Amino acid sequence: MLQEKGLILKKKNYDLTLLLIIMALLVYYLIIAYNLLFNKNPDELLRYKIPLYIYRHGALPVGTNKEVMLPFGNFSYAYYPQLLGGILSSIFMKIMSLFSTKPTLLVFAARWTSSIFGIITVYFTAKSCKLLTNKRILSYAAAVIIGLLPQFTYLSAYVNNDVIAIAGVSILIFSLIIATKRKWNYKVAVLFAGGIIVCLLGYLNSIPFVLLGICYAIFTIVNQYKTGEVSGKSAMKIVGLSIVIVLLFASPLYIRNYCLYHDFTGAKAFNDANQRWLISTGKQTMNPYNGSIIRMMLDSNWMVTTLKSTVSLFGYMSVTPKVGYYIFYLLFFYTGILFKIVLTKINLDNTTKLKKIFDILMLLGVILTICLSIYRSATTDFQPQGRYILTIFPIIVIWWIEGINKFSILLVNNIKIKCYIYIPVICYVVLSLWCVLRYVILNPLLVG
C-alpha cells in the first residue's frame with residue numbers, strides 16, 4: 001500500500017514539474033509582453049485593430065471598415081475568417097478594462113492570447129514526446145526546447161496569429177499520436193477536431209498539416225477497424241463527431257466570409273482591396289519577387305533570412321543576433337534529427353509501421369509549409385519570414401527528442417556518457433535566455 005502511494009506521489013511530482021515549467025514560461029512570456037513597445041513587432045498594429053474593434057463595438061469587423069484598415073494599401077485582416085485570436089484578445093481586453101482602460105494595458109491584455117497559445121504549444125508538444133518516448137525527462141526537455149526558442153518566445157509576447165497556428169498544429173499532432181499509440185475514441189476525436197479548429201481559425205499557413213492530418217486520421221481509423229480495435233459503428237461515430245465539431249465551430253466564420261465577400265478564405269477579397277488601392281493611387285504596396293522561384297532561391301536572401309527569422313530575428317526584421325547563435329541552433333537540431341534518421345533500426349514499440357507513415361506525412365507537411373511560404377514570396381509579396389513556417393516547429397522538436405531517445409538507448413549501460421546528452425539542452429536554455437535578454441528585453445528599440 002505504501003509503495004502504491006509512493007508511486008502515485010511520484011507521478012504527481014512529475015506532473016507538477018511540467019506544470020512548473022509551463023507556469024515559468026507563461027510568466028516569462030508575460031513579462032516580455034508587458035515591456036514590449038507597441039507596433040515595433042511585425043504586423044502587430046494591423047492585427048491589434050481586430051480585437052480593438054471588437055472590444056469597442058462588441059461585434060466582428062468588416063474588411064472595408066476604416067477602423068480595421070491601415071491608411072495605405074486597403075490592408076485589413078478583417079477580410080479573413082481567422083478571427084479566433086482577435087475574439088479572445090478582445091475578451092481579455094474587456095477583463096482588463098474592469099481595472100484600467102490605459103491603452104498600454106489594453107495592448108498588454110490583447111497579448112495574453114499569444115502567451116496562452118504559446119504555453120498550449122509547449123504542453124501538447126511535451127505530452128507528445130512523453131507518449132513517444134515514455135520518458136518524462138525528455139518531455140521536460142521538449143517543453144524547454146520549444147518554449148525557449150527565441151523566435152517562439154517573441155511570438156508568444158505580442159499580438160499575432162502565427163503562434164495560434166503553431167498551437168493548433170501541436171494539438172493536432174498530439175491527437176494523432178494518441179490515436180496511433182492507443183486507439184481512436186471520442187475524447188481523441190474531440191481533441192483532433194479542436195486542433196483543426198484552432199488551425200482553421202488561427203492562420204491558414206497551417207493548412208498542410210490539417211489536410212495531411214485528416215489523411216492520417218482516416219488511414220489509422222480504417223486500420224483500427226480492420227484489426228478489430230475499433231468497431232465499425234464506433235468508427236462512424238468518431239468520424240461524425242469530429243466533422244460536426246469542426247463544422248459547428250469553424251464553419252460560421254467561413255460562411256460569414258462568403259456572405260460578405262463571396263470568398264470563403266478571404267485571400268481574394270484581401271488582394272482585390274489592394275488592387276483597388278493600386279488603381280486609385282498608383283502606389284505599389286506589395287512586391288512579389290521579380291523572377292522565377294528557382295532564381296529567388298538561388299540569388300536572393302530568401303533562404304538565409306527565413307532561417308534566421310525562424311530562430312531569432314526581432315522587431316521589423318532589424319534586430320539580428322550574431323551568427324554564432326544561428327550556427328548553434330542549426331547544429332543542435334541537426335544532431336538530434338540525424339540520430340533519428342541514422343538509428344532507424346531501433347524499434348521502440350509495435351506501432352513502427354504506422355509511425356513511419358505518420359513521419360512521412362509530417363515530413364510532407366513540413367515541405368508543403370515551406371513551399372507555401374516560397375510561393376507567397378514569389379507571387380504575392382517578397383517576405384522571407386520564419387514565422388510563416390514555424391508551424392513545422394512542434395514536429396521538429398518531436399523528431400529531435402525521438403533521435404536523442406534512440407541515442408540514449410545505445411548508452412544505457414554508461415550513465416556517465418548518457419548524462420552528456422543533456423549538456424546541449426542546458427546550453428540551449430542558457431543561450432536562448434541570453435539571446436532574448438540581450439536582443440529583446442535590454443533593447444531600447446523594442447522595450448519601453
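**Figure 1. Burial and overall form of the chain.** Of the 448 residues of the chain, 53% count as buried, where buried means under 20% relative accessible area, exposed over 50% and partly exposed in between, with a 1.4 Å probe and protein chains only. This is a predicted model, in which local features need pLDDT of at least 70 and side-chain atom pairs count only at pLDDT 80 or more, while totals for chains, interfaces and linings use all residues. Residues are numbered from 1 along each chain as its sequence is written, and side-chain values use heavy atoms, with hydrogens and water left out. The chain has 18 helices and 0 strands; helices (H or I, at least four residues) and strands (E, at least two) are DSSP runs numbered from the N terminus. The radius of gyration of the chain is 22 Å, which agrees with the value near 22 Å for a compact globule with 448 residues. This radius is taken over C-alpha atoms, and the globule rule is 2.2 Å times the number of residues to the power 0.38. Along its principal axes, the C-alpha trace spans about 70 × 55 × 55 Å.

Figure 2. Among contacts between residues at least 6 apart in sequence, 77% join residues at least 24 apart; contact means heavy atoms within 4.5 Å. The chain exposes about 21,100 Å², of which carbon and sulfur atoms supply 70%. Accessible areas come from the Shrake-Rupley method with a 1.4 Å probe, and for residues only the protein chains shown count as cover. The mean positions of the 41 positive and 14 negative charges are 6 Å apart. Lys and Arg count as positive and Asp and Glu as negative, without His and the chain ends; each charge is placed at NZ of Lys, CZ of Arg, CG of Asp or CD of Glu.

**Figure 3. Surroundings of Thr-306.** Thr-306 lies in helix 13, residues 302–311, and counts as buried at 4% relative accessibility. Leaving aside residues up to four places away in sequence, Thr-306 touches Pro-384, Gln-385, Gly-386 and Ile-389.

**Figure 4. Surroundings of Thr-113.** Helix 4 (residues 103–133) holds Thr-113, which is buried with a relative accessible area of 3%. Not counting residues up to four places away in sequence, Thr-113 touches Gly-85, Leu-88, Ser-89, Phe-92 and Ile-164.

Figure 5. Asn-39 is placed in the loop between helix 1 (2–35) and helix 2 (44–57). Its phi is positive, about 65°, although Asn-39 is not a glycine. Asn-39 is partly exposed, with a relative accessible area of 29%. Asn-74 is in the loop between helix 2 and helix 3 (84–97). Phi of Asn-74 is also positive, near 60°, and Asn-74 is buried at a relative accessible area of 16%.

Figure 6. Ser-234 lies in helix 10, residues 232–261, and is partly exposed with a relative accessible area of 25%. Its C-alpha atom is separated by 7.9 Å from that of Asn-185, 49 residues apart along the chain. The structure holds 0 disulfides, a disulfide being a pair of cysteine sulfur atoms within 2.5 Å. Cys-259 is exposed, with a relative accessible area of 58%, whereas Cys-427 is partly exposed at 37%.
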